[in-house]
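Hello,

Here is the structure I promised to pass on. Could you have a look at the charged side chains and the strand pairing when you get a moment? My notes follow below the model.

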Amino acid sequence: MVITLGINDGHNAGAALVKDGEVIAAVQEERLCNVKNFSGVPELAIKEAFKIAKIHPHDINVIAMVSLNRVYAPLKEMPLKVKLFMRLSPLIHGHSFSSFYVKVLHKFRPMQKLNKIFLSLGINNKEIVFVEHQKAHAACAFYSTNHKKALVFTADGAGDGLSSTVNIGFNNKIKRIASSTYYDSLSNVLYSEITRYLGMKPWEHEFKCVKGDTPVLLSDGKLVEIKELFEKNFKKENIIEKTKDDITVKVNNLKIMGFDSSSLKIKPQKASYVYRKRFNSSLYEITTHSGRKVVVTNIHKFQTIKDGLVVEKQAKELTKKDYIAIPKKLNINGAKIKNEYAISNFLAGMISEGWEDYRPEKRTDLFYFANNSNVLHAKFQQSCSKLFGVKPSLYTYKDQTPISRLSLLKYRQKLSSIGYEKNLSENKKIPNTIMKMSKSGAAEFLKMFCDCDGGIIKNKRGGSSINFTTISKDIANKINYLLLRFGIVARNGFYKTRATNSKKKAIRWFYVVKIMGTENIKIFLDNIGFITKENNKRAKDIMFDNPNTHIDIIPCVNLFKELYKDKVIGIKDYLTYYHDCRQNKNISVNKLRRFLTKNNGNDKRIKQLRLLANSDVFWDKIKDIKKVKLNDYVYDLYVPKTHTFIGGFGGIVLHNTMGMAPYGRAEYCIDQVRKIIRINPKKPLEFQNMTGACGVYIQKKLIKLLAGQRFDNISAACQLYFDELMEKWVRAAVKKTGIHDVVFAGGSALNVKANKVIREMPEVDSAFFYPASDDSGTPVGAALEAYNRYCDANGIKPVRKEIKDVYYGMEYSNDYVKNMLRKRGWLKKANFIDNIDEEIGEMLAKGKIVARCTGRVEWGPRALGNRSILADPRDLKVIGKVNFAIKKRDFWMPFAVSILEKRMNDYLINAKFAPYMIEAFDTTEKVDDIIAGTHPFDKTARPQTVNEWNPGYKKIIETFEAKTGIGAVLNTSFNLHGSPLIGTPDVALSTMENSGLKWLALGNYLIKK
């Protein structure tokens, strides 16, 4: 018996155990620590592999380390030696340099952490072998088949100085016949760098950044700067990725206010990460007609409206004709606290018209409130009596402004408990106590503040407004958000004036928050109002004599025009609602609602208008866009399920090059893309970089080549050319060797479109693509290679075991699940079902969406039924439901489908056994049966054919088939967007708790939320 332990301590780290040529356990570290694409020492995975295999560590023969030099995570880790290599490789990029580079650095390969783990497990005396990166990929592919002889291809970004290899596998040996260096990497030079050029990070996350002083609104009403969020969470244990210029940290239980684009409602959403990036370029400063302002990078996405439909635009695409979605009603309940009226009045008085004299060394701690209104003094004194049991004294000095004064030296602890900070009036900040308070408490604060530092103001143009005036940007921002809780949309202004109490007549800037428009003033008076009778009377007088503020309008007139043209509405409505508004192309919310009460039709445009009329946002027109230079950090939040409201703006969207490609026209830029890389004309088994640059420095070349091209056309050209190069590469190797059976591994083999091209080549008799082709699969390859080396060295005949299922990971018992549910408080909502697989099949037939966490964890990046979200593949609505419930992906990113093996010919053209979701197929005329599991544009499928390897999953599909006649189900990975595939029941339950999923199957327990 020979047992080998394979370890990858680089990108997509993990561990695997191979016993006599058969994989008995394999685990990715990300499935245990819940950090996607984890890079580093896989301590948890190593220990878990031994538990799964039920093997004592002492029993292993060899430890196989993946790569002579640890592979760094792309963009997450960028040490000096990697940057140096990128700079030098265009000058000295031959094989000799790569080989020398790898040999030198191998001597410095970090092993300290691993040696400590080996010592703790008692295996520090075991033989350690290092398996070159591309050899580990090749071993995965070849030793997992029953081929006596085959062409073995590997292609990925890079590893140990190489990016692709061509090998001949014969019996139990793999002989390399060609290779391409890191510099000539097809995956990096073409695919990854074009992905980066399109504004998409090649490693999963995509952030659109803003300046650090931009405020973020939390779900409890607190308003904090995004920089503050980053600094608060910047702890060693929270760091997910870190380079010199980029840092991503996990945020703990942070809920922000976000915009649900399906319902147009503002809802609390949970943020996952906060991100900081060094930036030295131009940002876009965008100002709207209501005075809101935000500074963002050019790819920051905004929700805009076009012809009544909500669309997304990047900052660089916006014009002054565009309208931006701004929150109009913040659903923040707040908490009613004891004495909240008294707290609100005291804090508002001190912030607006107060100051303090704090000199504890002289036992002085005096608070002053100055105002000409006796009513406001009475209110302030009443609040002090309620809170501290002390009534201020009122005095007037030489006929000046009356002042209330009191000493609170012994009440500092009480002051702190209500949110008062030292020198609060001087620092001009609204405490978080107010922001988190109930609406009644917030109203009392606004009432007192407006009477003290605002009031009714006549405008130069003859109109009037209710104004809040302050010299503090923080106060202006927070007043804005407090007003939005009541549905009041205010205008923001930043003005300068001459100080009246200065001999030099210095210029002073101040912020004004204006409430304008009849509807807004009415809401203010009904929900907030003034303390003084004079102001209340003046506000009522101006209510119906107020200029149009253009904040209660929706740019949707073109929809009316279409409705009239299609005879859905008559001439009377057309003239009333279109002709009346034809100058500005907008309709007021009130008019729109009156129209909708008379029109209850089912036309989708009327439904869209109803959605707009009842939404939580208003559409603020852009007033100005300008570029501003910034040499500083930019920040952003990553929120899986929504667009975040960051200072009133926001948005994050994930992109995908391969899934986007079918939407574009490759012919527009294919010639430019072909100038990036090619097959080496002198060495047809190698690739040749044509850019004269390496890594991130290729971007400058791409800007020149692809400037002005549409993103979808670039994607289409990239995929088409990638397919062409892979086909030429394979054809050249087949011609040279005469071998027609091919096997593949490496990250490039995850490109299912290219795999389809290779499989369908007339020169190829059979094609196998290893399921975990990316770096996550390399521990298995290293363990298999070490096994064959050990056997060869010790005169043992090695055994070849053809790959079957890849359920190599952890499995959890029903007892474990029950105890976890009890601890988490979910046991009462969970039902134990003996025939749970049949139950799931019946639920899918009824249109339910069910997440399944059962059996052993899948090996590799694909969910193969045990950690999947399942649904009816006929229902296109499922795509939107799953996306908005949990995935939040773009429309072009396809789902997958699991098909019973006996039914694959019904749905797939030229079907073949494809159990790993790593190949694409054209679909038959029965495509409508599986339409939700195909690509939305070209209707290709990336299937998993299901047989007895997974009897429970097979039973689900068979039950669904018995009810519907469809022998397939929609299958997408069970994970939150930006998180790895679910590993443990605990994470599965947390995922349901933090998403829109309603049904979860954990073992034999069915949980309903």
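K756, R759, E760, K912, E919 and D922 are linked in a network of salt bridges (a salt bridge being a side-chain nitrogen of Lys or Arg within 4 Å of a carboxyl oxygen of Asp or Glu). The structure holds 39 salt bridges. Please keep in mind that this is a predicted model, in which local features need pLDDT of at least 70, side-chain atom pairs count only at pLDDT 80 or more, and totals for chains, interfaces and linings use all residues. Residues are numbered from 1 along each chain as its sequence is written, and side-chain values use heavy atoms, with hydrogens and water left out.

R109 and D9 form a salt bridge through their side chains, at 2.9 Å from N to O. R109 sits in the loop between α4 (95–106) and α5 (112–121), while D9 sits in the loop between β1 (3–8) and β2 (14–19), so this pair ties together parts that are 100 residues apart in sequence. (Helices, H or I with at least four residues, and strands, E with at least two, are DSSP runs numbered from the N terminus.) Both R109 and D9 are buried; buried means under 20% relative accessible area, exposed means over 50%, and partly exposed is in between, with a 1.4 Å probe and protein chains only.

Another salt bridge joins D792 and K173, with 3.3 Å from N to O. Here D792 belongs to helix α27 (residues 778–793) and K173 to strand β8 (residues 173–181), so the pair ties together parts that are 619 residues apart in sequence. D792 counts as exposed, at 51% relative accessibility.

K47 is partly exposed at 34% relative accessibility, and E43 is partly exposed at 35%.

Now for the surface patches, which are made of residues with over 30% relative accessible area and no salt bridge, like charges being joined within 9 Å and nonpolar side chains (Val, Leu, Ile, Met, Phe, Trp, Tyr) within 5 Å. K607, K846, K848, K877, K881, K963, K998, K1008 and K1009 form a positive one. K1009 is in the segment after β42 (1005–1008) and is partly exposed, with a relative accessible area of 35%. A patch of negative charge gathers D213, E225, E228 and E231. D213 is partly exposed at 35% relative accessibility and lies in the loop between β9 (210–211) and β10 (215–217).

β9 pairs with strand β29 (residues 617–638) in the antiparallel sense over two bridges, where two strands pair if DSSP finds at least two bridges between them. V210 stands opposite Y635 of β29. Strand β14 (residues 265–288) also runs antiparallel to β29, joined by 16 bridges, and S282 faces K629 there. Strand β18 (residues 323–327) is joined to β29 by five bridges, again antiparallel, with W619 in β29 as the bridge partner of A325.

Best wishes

Note on methods: Accessible areas come from the Shrake-Rupley method with a 1.4 Å probe; for residues, only the protein chains shown count as cover. Lys and Arg count as positive and Asp and Glu as negative; His and the chain ends are not counted. The place of a charge is taken as NZ of Lys, CZ of Arg, CG of Asp or CD of Glu.
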